[in-house]
Amino acid sequence: GLALYLCIGAVQVLSPITSSPLLTMILTVAIPGALWVWRRSSGADLPIRPLWAAIIVAGVVGAVAFFRAMPQVAWSNDSLQYLLNGSLIASNNITVGSTSLLPKRLIGVPELHAAANLAGEYYVQSITPMISALVLALLGWMVWESLSTRLNKRARLLILVGGLLLLVSMNRFVFHSFYLNGHLLFALFMLVVVGGGWMLVSTDSVNKTALVTAMSLAVGALIFVRAESSILVVLVLLPIILDASVNRVHKSILLAVLGLATIAWQSFMAAVYLAEGLSIPFEIWGLLGFGAAILLVIPLLKWSALMKRGRVLLLLAEALLWLALAVLTLREPQVLKESLTATFENVVVGAGSWGLSLIFIALLLVLASFIAVPNSVNLRFPLTTFIPLGFLLAYLRDAAYRVGDGDSLNRMWIQLIPVALFYVLIALGVGTWRRRSSAAVKGSAPTSADSQRI
C-alpha cells in the first residue's frame, strides 16, 4: 500500500497532473479497489473476511489516535528539508524546489507527510511509528511463511518471537521508529525486494505473481526515497536476475520498473536544473545512462549462457566494487581512512548509539555463513556488497563519514538490519551445517549446488 501510494504520487509529481495528496489517497484506494471488483466479477476466488477487515481497520485507527496523542518525534535539519518538499508537493509547487533540496531529499518521504498539509500540519505524526510496525509485521510474516513447510508452529513461533524481540531491543531501531527520515522506509521496501526474491525461488507457500507485484511496487518506490537507490536496487536484484529458475517475464517486469523509474526521476531533475539556468550535473547524465542500460539488459535475459554464468557474474560485480574502492583510495586515501576511523568509533566504541547491536548481528551473520541455506546468495549478496558501496558513497559525496549517531553511514545501517535478521532466522529454521552433505539442502528447495556455495 505504501509503495503504491509513493508510485502514484511520483507519477503526479513527474507529470502535469496535480500533485495534491488528496488525489494520491483517492487513487491509492480506487485502483486496487477497482481491480479487486473486476477480478471478483470475473469469477476469481477473492473471499471477503469482514471480521479481519474490521480488526485491521480498528487497529490502524487506534494506532493513529495513540501516536497523535503521544507526539514523540526525532528530527534533524534533514527532516525539515523533507517536510519543506512535502509542503511543496501538497501545494502543487514541487518545481519550485531548488537544486539544493530535490537532489538530496527527493520526493518519497515528502510524499508521506504531504497529506498533513491538508489539515494545516507539517507532518503525519503516526506514519513513521507505523512504518516500524510494518517492518516487524512483514519480517514476521515472511519468516512464518518461509518456514511453514519446514518447522512446526511451536518452533516457528520460538524463532519468530526471538528475532522480533532482538529487533525492537535495538536502540537505533527505536530511534528510527520516530525519526522523520527515510531510512526505515528504505529498510521496509528493501525487505520486500530481498525477502520476496528469496521466497520467489525458495518456497511455494506464496503466490509468485503476488510476490513479484509487491517487489515491483517496492522497486519503483525505492527510486524516490534516496539518491543512491538505483545503484542499491541493482545490487539487490542482481541475484534474482541471474537466477535461471526465476520466470523471465518476472525479471523483465522488475528491470523495466527500475529502469523507467530511474530515467523518469533523473529526467525530471535535469529539467529542474535547466529551469534554474544551470548545467546538468555529470551524476544525472550518468544515472540516465544507467537507467537506459538497465532497459537494454531486458532482451539479454533470453540468453541462457548469461544465466549459466550467474555465479561468476555475481563474484565479478562484487569484485568490481572493491576494485573501484581501491582505486579511489589510492587517489585520495584520507577519505577512506577518516571514514573507517569514524565507523569504528560509531559501531564498536559506541559513538553511533548502536551499543553492541551491530556487532551481535555481524556475529550472527558469520554463524549463518557456516549454515547451508537454499539460495543463500539472494540474502548474502545485498549485505556484503553494501560494505564497499557504503564507503564508495563517501567519495561520491566528497566527504568522509564522521563520528556521531547523526553520521550518514551510521544511519544507513538500519536499512540492512531487517534483511540481515531475516537471513539469520531463515538459516536457523531451514539450514544445515555445511560440514554435512548438501543433499538435505538440495532436497528442501530447487537450487543449484553452485548457488549454495557462493
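The model is predicted. The cavity count comes to four of 30 Å³ or more. Eight aromatic pairs are counted as well.

**Largest pocket**

- The lining of the largest pocket consists of 48 residues. G1, L2, L4, P32 and L217 lie nearest the centre of this pocket.
- Several helices contribute. α1 (2-14), α2 (21-41), α3 (50-69), α7 (127-146), α10 (183-202) and α11 (208-222) each give at least two residues to the lining.
- α7 supplies the largest share of this lining, with 10 residues.
- The lining of the largest pocket has 40 nonpolar residues, six polar ones and two charged ones.

**Helix α7**

- α7 is 20 residues long and spans 28 Å from its first C-alpha to its last. That is close to the 28 Å expected at 1.5 Å a residue.
- This helix is mostly covered, with 14 of its 20 residues buried.

**Second largest pocket**

- This pocket is lined by 45 residues. A227, E228, L393, L396 and R397 lie nearest its centre.
- The helices that each provide at least two lining residues are α4 (77-90), α5 (102-105), α9 (171-176), α13 (248-275), α14 (282-297), α20 (386-396) and α21 (408-412).
- α14 gives the most to this lining, with six residues.
- By class, the lining of the second largest pocket divides into 22 nonpolar, 10 polar and 13 charged residues.

**Cavities**

- The largest cavity has a volume of about 60 Å³.
- Its lining is made up of F67, M70, P71, Q72, V73, Y123, Q125, T128, P129, F178 and L180. Eight of these residues are nonpolar, three are polar and none is charged.
- The second largest cavity has a volume of about 50 Å³.
- F186, M190, L232, L235, V236, P382, T385, F386 and L389 line the second largest cavity. Eight of these residues are nonpolar, one is polar and none is charged.
- α10, α12 (229-241) and α20 each supply at least two residues to the lining of the second largest cavity. α12 has the largest share, three residues.

**Aromatic pairs**

- Eight aromatic pairs are counted in the model. In one of them, the rings of F66 and F67 have centres 5.2 Å apart and planes at 75 degrees, so the pair is edge-to-face.
- F66 is partly exposed, at 48% relative accessible area. F67 counts as buried, because its relative accessibility is 16% and the cut-off is under 20%.
- The rings of F224 and W265 are also paired, with centres 6.1 Å apart and planes at 90 degrees, so this pair is edge-to-face.
- F224 lies in the loop between α11 and α12, and W265 in helix α13, so the pair ties together parts that are 41 residues apart in sequence.
- F224 and W265 are both buried.
- Ring pairs join F66, F67 and F178 into a cluster. F67 and F178 are also among the residues that line the largest cavity.

**Charges over rings**

- R105 places its charged end over the ring of Y82, 5.7 Å from the ring centre.
- The charged end of R156 sits over the ring of W144, 4.2 Å from the ring centre.

**Positive phi angles**

- Most residues other than glycine have a negative phi. Two exceptions follow.
- N92 is not a glycine, yet its phi is positive, at about 65 degrees. N92 is found in the loop between α4 and α5. Its relative accessibility is 42%, so N92 counts as partly exposed.
- S353 also has a positive phi, near 65 degrees, and is a residue other than glycine. S353 lies in the loop between α17 (333-349) and α18 (357-369). At 23% relative accessibility, S353 counts as partly exposed.

Definitions and conventions:
Residues numbered from 1 in each chain as written. Predicted model: local features only at pLDDT ≥ 70, side-chain atom pairs only at ≥ 80, totals over all residues. Heavy atoms only, no water. 1 Å grid on protein atoms, 1.4 Å probe; cavity = no way out; pocket = protein on both sides within 12 Å on 5 of 7 lines; lining within 4 Å. Helix = DSSP H or I, 4+ residues; strand = E, 2+ residues; numbered from the N terminus. Nonpolar A, V, L, I, M, F, W, Y, C, P; charged D, E, K, R; others polar. Expected span 1.5 Å × (residues − 1). Buried < 20%, exposed > 50% of the residue type's maximum accessible area, 1.4 Å probe, protein only. Points joined across faces, edges and corners; volume = space filled by probe spheres on them. Phe/Tyr/Trp six-rings, centres within 6.5 Å; stacked < 30°, edge-to-face > 60°. Lys NZ or Arg CZ within 6 Å of the ring centre and 35° of its normal.
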